[in-house]
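Here's a report to read alongside the model. Have the sequence and the 3D view open, and check each residue as you come to it.

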Amino acid sequence: MAGEVIVDALPYYDKGYEEPGVRDATEIMKTEIERLQSRLPMEMLSMKRYELPQPPAGKMTDISAWNECVENSQAQLEHQALRILNLELMAEHGCNAWKKYNTLLVQIVEQCQKQLQDIKKQIQDINWQRKNEQTEAGGKLKDLESQWVGLVSKNYEIERACAELEKEILESEKKKMTF
């Protein structure tokens, strides 16, 4: 298993693999996985950017070099002051913002659940109405069908009676002619 990399990706589905920097990140991940497998310690975080160096040995008497160092220290101080301010603002307002956001999400969920219940009730009402209409229509259809059967039967009986009368008329005419 040494050196084996488990790929956790869906390349046909996941997007963004062709964006700049993604291939570089893959190499970084590969290097990190190899470091973990070798059980090597993690590199320490570089604090170089937070250092306030003095001018180089050859420029210790150069005022512009010292001005550059002072400007660097002022920029570092301002950066740290802004970080502290951001942390204080987050501590003061961050929790409340999340609480408000969570309260808003709860309200949205409740509204959606109410809408869902209303829609389910409307669907049930429509289904009951449809069932009642179909039951009524079915009863009417049954009545109309029985009327139709009755009328067809009467027509059949009338046609049979007419045929018998025609037969009798023919027979009586034949008898009259024979006399």
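## What counts as a helix

Helices here are DSSP runs of type H or I with at least four residues, numbered from the N terminus. Keep that in mind for Leu 77, which is found in helix α2. One more thing before we go on: this is a predicted model.

## The overall picture

How many helices and strands does the chain have? The chain has two helices and zero strands. Helix α1 covers residues 22-37, and helix α2 takes in residues 63-178. At His 93, helix α2 bends by about 45°.

Now for the size. The radius of gyration of the chain is 48 Å, while a compact globule of 179 residues would come out near 16 Å. If you box in the C-alpha atoms along the principal axes, you need roughly 165 × 50 × 35 Å.

## Surface and charge

What about contacts between residues with a separation of 6 or more? In the chain, 34% of those contacts involve residues 24 or more positions apart.

Let's zoom in on Gln 76 and Leu 77. Both are in helix α2. Buried or exposed: which is Gln 76? Gln 76 counts as buried because its relative accessibility is 17%, and the cut-off for buried is under 20%. The buried residues of α2 are Gln 76, Ala 65, Cys 69 and Gly 94.

Leaving aside residues up to four places away in sequence, Gln 76 touches Arg 49, Tyr 50 and Leu 52. Leu 77 has a relative accessibility of 61%, so Leu 77 counts as exposed. Tyr 50 turns up again here: the C-alpha atoms of Leu 77 and Tyr 50 are separated by 9.5 Å, and the two residues are 27 apart along the chain.

## Around the end of α1

Arg 35 lies in helix α1. Why does Arg 35 count as buried? Its relative accessible area is 15%, and buried means under 20%. If you skip residues up to four places away in sequence, Arg 35 touches Leu 40, Pro 41 and Met 42.

Arg 39 is in the loop between α1 and α2. With 75% relative accessibility, Arg 39 counts as exposed, because the cut-off for that is over 50%. Have a look at its backbone too. Most residues other than glycine have a negative phi. Arg 39 isn't a glycine, yet its phi is positive, at about 55°.

Terms used: Residues numbered from 1 in each chain as written. Predicted model: local features only at pLDDT ≥ 70, side-chain atom pairs only at ≥ 80, totals over all residues. Heavy atoms only, no water. Bend = angle between axes of the 7 residues up to and from the residue. Buried < 20%, exposed > 50% of the residue type's maximum accessible area, 1.4 Å probe, protein only. Rg over C-alpha atoms; globule rule 2.2 N^0.38 Å. Contact = heavy atoms within 4.5 Å.
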